[in-house]
Amino acid sequence: METDRKFPHRAINPATRITTEPALNCSCTGSRMVGFPVAVVLPAGGSGERMGLSTPKQFCDFLDRPLISFTIEAFERINWIQNIIVVVAKECIDLMKTIIHKYSHKRITLVVGGQTRHRSIFNGLKVFTDSQVYDSKLTKPEVVIIHDAVRPFVEEDLLLKIATAAKDHGAAGATRPLVSTVIATTSEGCLDSSLERAKYRASEMPQAFLFDTIYQAYQQCSDYDFEYGTECLQLVLQYSGSKAKLIEGPPTLWKVRFKVFLTSAELSKCSVSESLSQKACVITGVQQDAVQLAHCLEKTLLTQIMVEVISTPVGEEVSCIQNISAKEYRNIIYVIVNDTDLQEIKQLVESIGNTSLPILYPVVVIMVHLNKSESMPFSNNMDELGAIRLLAKEAKQKNILVYGLLVNYPKETEKWNDAVANVCLIAGTLIKDRNAVLAGQLFVA
């Protein structure tokens, strides 16, 4: 068995490594800029003992998808994170490969974990330094983020704050106020003392470190630390002298530890999804027919949800996206007349994908095509359907659900009102259900 060169008594765990895509050179997403390379290590080697399940919790289904897949996506869509290292138990390697392939995850390096949390994290870090063991070609990051695979509710704002703080202070981590008072007991099971709750915080994930700082701390720590330690911030304080900057995180940072937490997570997401369906924006160009349809939709939809109409002249698409992002619209109805060119929709989808909208909550984009041409052949509709399906397949990887909705323009007022009512009914249903299976379908009003 191969051993660590600095500590001969410490065995190196063998690694299985697959990289699905080279690290990105770009270090920005939307308006976010990071001037230093960042990577993520996701320890996912837990056995799920506390869950009381035969399947480790990170692989349990959450809304019909493995929990770890949502966590990976939260990091995957942030362009300034260059590499995502997923550390799993040896017996779960094939399962993890299947998940990576099925959900088209990118920038993933898969590594076999150790027997304890710290050993697994250290294995993940070694990918960047020990090329002989890991056959690694990854560039060592300046900052590395460590996060739990079973904490899917993490957003870019917090990650950016923690990564930046780690760059400045050497280490940084999220905290939450203590909910319960912590007490110490005597050997007889009686109260010995209690902590003043206001002075203490619960340490949470994510945490971030200068890579050399956390790596050197692991090189110096004892076997006792590897076996029984769980706190990376304390490890860095003890062996590198870096006092971590603490940043208060949101209430959604909780970790799935028990079976009931999966139900709570699903209820949390369903509750948020319900609230996300309460407002939408309707985007048009400046064509009169498109604007007229948009305001008809606004008037009818207002009985169900809040609606804002945005008429965007050519060349002002950037300000439109900024408006959508600032107001956190996750339901977008895009109206076009006669034109079947999807280039503007593609640009819209790409721009939305580069915003910081949370990955767990899909964005719905409904392309409403108002057909005023009486001579449009049926084959054109089929071509449009094929193009929408291709676009929707690509968009779904960014958690953007694209649907098509065809409206044939009737001359009679009564039929026009019926068509508008049908558009609102279909659009309202798509917004409420957020059904990924139907993404890419062309509906006819």
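Is F226 buried or exposed, and at what relative accessibility? The legends below take up this residue and several other sites in a predicted model.

**View 1. F226 in helix α7.** At a relative accessibility of 1%, F226 counts as buried, because buried is taken to mean under 20% relative accessible area. The residue is found in helix α7, and its C-alpha atom is separated by 9.1 Å from that of Q115, although F226 and Q115 are 111 residues apart along the chain.

**View 2. The protein chain as a whole, as a setting for the close-ups.** The protein chain holds 14 helices and 17 strands, and buried residues make up 49% of its 445 residues. Among the contacts between residues at least 6 apart in sequence, 78% join residues that are at least 24 apart. The accessible surface of the chain comes to about 21,200 Å², and 50% of this surface belongs to carbon and sulfur atoms.

**View 3. Helix α6 and the elements around its buried residues.** Helix α6 covers residues 211-220, and its residues F211, T213, I214, Y215, A217 and Y218 are buried.

View 4. The buried residues of α5 are E156, L158, L159, L160, I162, A163, A165 and A166. As background to such a pattern, an α-helix has 3.6 residues a turn, so residues three or four places apart point the same way.

**View 5. A244 in the loop between α8 and β11.** A244 is found in the loop that joins α8 to β11 (245-248), and at 25% relative accessibility this residue counts as partly exposed. When its neighbours within four places in sequence are left aside, A244 is in contact with A171, A172 and L233. The C-alpha atoms of A244 and A165 are 8.5 Å apart in space, while the two residues are 79 residues apart in sequence; A165 is one of the buried residues of α5.

**View 6. The packing of helix α10 on helix α14.** Helix α10 (residues 288-301) and helix α14 (residues 413-433) pack with their axes 10 Å apart and at an angle of about 65°, and their crossing is right-handed. On the α10 side the contact is made by Q292, L293, C296, L297, T300 and L301, and on the α14 side by W416, V420, V423 and C424. The residues of this contact divide into 8 nonpolar and 2 polar, with no charged residue.

**View 7. S194 in strand β9.** S194 has its place in strand β9, which covers residues 191-194, and with a relative accessible area of 48% S194 is partly exposed. Leaving aside the neighbours within four places in sequence, S194 is in contact with T181, V182 and I183. For I183, which is 11 residues from S194 along the chain, the separation of the two C-alpha atoms is 4.1 Å.

Key
Residues are numbered from 1 along each chain as its sequence is written. This is a predicted model: local features need pLDDT of at least 70, side-chain atom pairs count only at pLDDT 80 or more; totals for chains, interfaces and linings use all residues. Side-chain values use heavy atoms; hydrogens and water are left out. Buried means under 20% relative accessible area, exposed over 50%, partly exposed in between (1.4 Å probe, protein chains only). Helices (H or I, at least four residues) and strands (E, at least two) are DSSP runs, numbered from the N terminus. Contact means heavy atoms within 4.5 Å. Accessible areas come from the Shrake-Rupley method with a 1.4 Å probe; for residues, only the protein chains shown count as cover. Axes are lines fitted to C-alpha atoms, for helices over the stretch in contact, and angles run from 0 to 180 degrees between N-to-C directions. A crossing is left-handed if the near helix is turned anticlockwise from the far one by less than a right angle, and right-handed if clockwise. Ala, Val, Leu, Ile, Met, Phe, Trp, Tyr, Cys and Pro count as nonpolar, Asp, Glu, Lys and Arg as charged, and the others, Gly among them, as polar.
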